[in-house]
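Open the model in your viewer and keep the selection tool at hand. We will go from stop to stop, selecting a few residues each time.

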Amino acid sequence: MSNSADSQTVLAACPHDCPDTCSMLVTVENGRAVSVRGNPDHPFTRGGLCVKVNNYQDRTYSPDRILHPLRRTGAKGSGSFERIPWDEALGEIKKRWTAIIDEHGPQAILPYSYLGTEGILNGLNVGDAFFNKLGATISERTFCDAGAVTAFVMTCGPTAAVDPESFKHSRYIILWACNTISTNLHHWPFIAEAQANGAKVVVIDPVASRTAKKADWHIAIRPGTDAALALGMMNVIIAEGLVDEDYVANYTVGYDELKARAAEFPPEKVAEITGIPAEDIVTLAREYATTQPSVIRMGVAIERHAGGGQTVRALACLPALVGAWRHVGGGILHMPIWAFPVDWGALMRPDWIKEGTPVINQWRLGAALTGEEKLATPIKALMVYNANPVVVVPDQARTIEGLEREDLFTVVSEQFMTDTARYADIVLPATTQLEQLDVMFSWGHLYLTFNEPAIAPLGESVPNTELFRRLANAMGFNDEYWARSDEQMAKESLDWSNPVLAGISMEGLREKGYARLAVGSPDDFCPHKEGNFPTPSGKCEFKASMAEGGNIVLPLFRQGSNEFQPGDPIDPVPNYIPPTESPATNPALAAKYPLNLLSPKSHAFLNSSYGNLQAQLHHAQGQQVIIHPEDARSRGLNEGAMARVFNDRGSFQAVVKISDDVRPGVAVAPLGYWASRSGGSTVNAVNPTRYADFGHAPTFSDNLVEVAAS
Ligand SMILES: Nc1nc2c(c(=O)[nH]1)N[C@H]1C(S)=C(S)[C@@H](COP(=O)(O)OP(=O)(O)OC[C@H]3O[C@@H](n4cnc5c(=O)[nH]c(N)nc54)[C@H](O)[C@@H]3O)O[C@H]1N2
Ligand SMILES: Nc1nc2c(c(=O)[nH]1)N[C@H]1C(S)=C(S)[C@@H](COP(=O)(O)OP(=O)(O)OC[C@H]3O[C@@H](n4cnc5c(=O)[nH]c(N)nc54)[C@H](O)[C@@H]3O)O[C@H]1N2
Ligand SMILES: [Mo]
């Protein structure tokens, strides 16, 4: 898109790890990006951006950007660096890595990355081929949805399931552990349209979130008890004859087993577990079953406790039981990623992984660096890109302790001097989305989006693709893989033989900025009207055949392996696994630490990104902890006071906010504040590193603390 000689509009895509993947228009004047706005033509973005991204050019041009390679000059963590040329940085990395490989082997090198940018080229898998070639230890990335994905695939198979745009046809919408208005904003207009047409919107959340406040009914559940609620709904649906018998007979397996399990969860018992009155459970079940099309939108937050996997299993069984899949706008929406024909294997090259390469999970970073985790080869070098582990990983104090190790050689590729980058020996400058080319899939809608670079890279910053080309060259790798341009990589990242790309070409995608996958329209997309679930049985599996092998971590999260984890047997029929840390399951712990701490996403940050930028900090202020008036009163805490939030794992300081938006017994400390700006620690100082039941998912919500005046 070009307008005049000195003003152009460039078609871009929001880079963030967010379901919305917005189509953006960047105005460039005389080579400078002066503004960004949402693309009004895009059916999901509809012209709007969010409070995080609507000034994205200020992120790009921030005076705090890292624009040159840096070498540490002060103590680790001090933030003292000097500028060095790229050649010198690469030379030093090569020298240190080579010495470490000679002495300890390549497994002493640990890559660490996530989704700082979500692009297919520069995102999750950008460094995998390089580290596989090097023979480095594998970093298992299960930050987000790894348990839910496993559970969903076990039940319904890898299916896009429901078009989020089809929600305009829904009559009963349950937003379950999902704060749409903060975390999936562009889905809201479709929900609001249904609501305006008479649909009932129900939000199930321990907190009266921004979204809950717009709902017709907010059900304030006790954290981590959602599987009991789903089984209780099934109990009522079965007892009252509201099952779609025909759908169940033709398109599901394991109904008898599910029926027996649901019988264990009568409403009175579920009321005790969940804190929801029994009559509300009955009403919810009846309305959900009989108001078709009914649809459930699960948030990622649903998986963050001991039984997160089984919870998603239970939720994913509900639509088949009531036949919601028969209707456009009926079913359950998880992540439509399965619709995108990305050739992940071609990007990550699992064929280069050497037999027996060790795997370290992201949660275990502190343990791995401090020696608590017993490793055959100790970690001597760490490379972080697309991630800010000091802020986003539990056991924050131990992560920092590990990063402080004098003998650890740390390289960080970043846009900003984050809490993690401060501990680097070498920092490498990364471009922002306005300076790089990428193709985006989405985990919240059915459009591919193209990101055209709007401006040349600032300073000496490079896209991640180029970073790994330079590292490969420094290490003497001369495979074809690194000879490809970004354009060529973009083309080769998609499987063009897949019918969902019918009528789409790379040229067309670039010209328009986005393309809807050829999966039908939001008015007729109804893939499971007659079953057709891509599971081993072809049916919705109430009793999961995949469970027989045990637990799995899918290859996207743990490259090259979708093996079942031996010794990790799981119940093939959805069940309720109580939280590990709750008054009901651990009264002794609850006596010491009575509050269940949640750390949801901040409205103004994107995970840890923007925790340093003024416009967003203005909205989010400092690290806060929100508690119920009764809990504040009994602790003598006043609004605005500083408090210490703590348990045996650690502590952080936060400003007290008192609100009956949270249930008594629940506290909320949003994620994203930087430790270096918050007295040295933030919410992940107190969070557990325990895995949930499926997919090595996190257990952030399964977390007891105490709050005291400080
Ligand atoms: N307590 C608690 N912890 C959590 C969560 C929670 O809810 N509660 N949520 C978890 C979840 S769901 C997630 S997804 C993770 C997110 O964890 P992360 O992915 O680590 O978080 P982000 O802040 O999105 O991105 C990390 C960094 O990537 C950098 N970056 C952006 N683009 C680029 C690029 O192009 N190149 C390079 N080299 N760097 C770039 C950004 O500047 C940023 O500092 O956090 C997890 N941690
Ligand atoms: N503004 C903003 N948007 C984002 C992000 C961001 O950081 N900021 N991050 C992006 C990423 S990586 C992700 S994964 C998504 C996550 O988006 P969501 O899935 O919406 O996740 P959260 O905001 O962590 O939590 C959503 C709601 O779940 C509730 N909750 C917590 N525990 C439980 C529970 O046990 N049961 C129930 N029923 N509810 C519970 C919380 O109170 C919260 O209101 O957001 C994406 N979008
Ligand atoms: Mo996430």
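Select Ser413 and ligand 1. A polar side-chain atom of Ser413 lies 2.8 Å from a nitrogen atom of the ligand. That is a polar contact (a pair of N or O atoms within 3.5 Å; within protein, one must be able to donate a hydrogen and the other to accept it, and residues adjacent in sequence count only if both atoms are side-chain atoms). How much of ligand 1 does the protein bury? Taken alone, ligand 1 exposes 930 Å², and the protein buries 98% of that. These areas come from the Shrake-Rupley method with a 1.4 Å probe; for residues, only the protein chains shown count as cover.

A word on the model: it is predicted, local features need pLDDT of at least 70, side-chain atom pairs count only at pLDDT 80 or more, and totals for chains, interfaces and linings use all residues. Residues are numbered from 1 along each chain as its sequence is written, chains are lettered from A and ligands numbered from 1 in the order in which they are written, and side-chain values use heavy atoms, with hydrogens and water left out.

Next, the rings. The whole structure holds 25 aromatic pairs. Rings of Phe, Tyr and Trp (its six-membered ring) pair if their centres lie within 6.5 Å; planes under 30 degrees apart count as stacked, over 60 as edge-to-face and the rest as tilted.

Select Trp325 and Phe533. Their pair is edge-to-face, 5.7 Å centre to centre, with 75° between the planes. The two residues are 208 residues apart in the chain. Trp325 is buried, at 1% relative accessible area. Phe533 is buried too, at 3%. Buried means under 20% relative accessible area, exposed over 50%, partly exposed in between (1.4 Å probe, protein chains only).

Now select Phe340 and Phe441. Their ring centres are 6.4 Å apart and their planes at 70°, so this pair is edge-to-face. Both residues are buried.

Move to Trp352. Ring pairs link it into a cluster that includes Trp97, Tyr385 and Tyr481. The charged end of Lys133 sits over the ring of Trp352, 5.0 Å from its centre. Arg484 has its charged end over the ring of Tyr481, 4.6 Å from the centre. Here "over" means NZ of Lys or CZ of Arg within 6 Å of the ring centre and within 35 degrees of the ring normal.

Last stop: His104. Is His104 buried or partly exposed? His104 is partly exposed, with a relative accessible area of 29%.

How values were computed. Helices (H or I, at least four residues) and strands (E, at least two) are DSSP runs, numbered from the N terminus.
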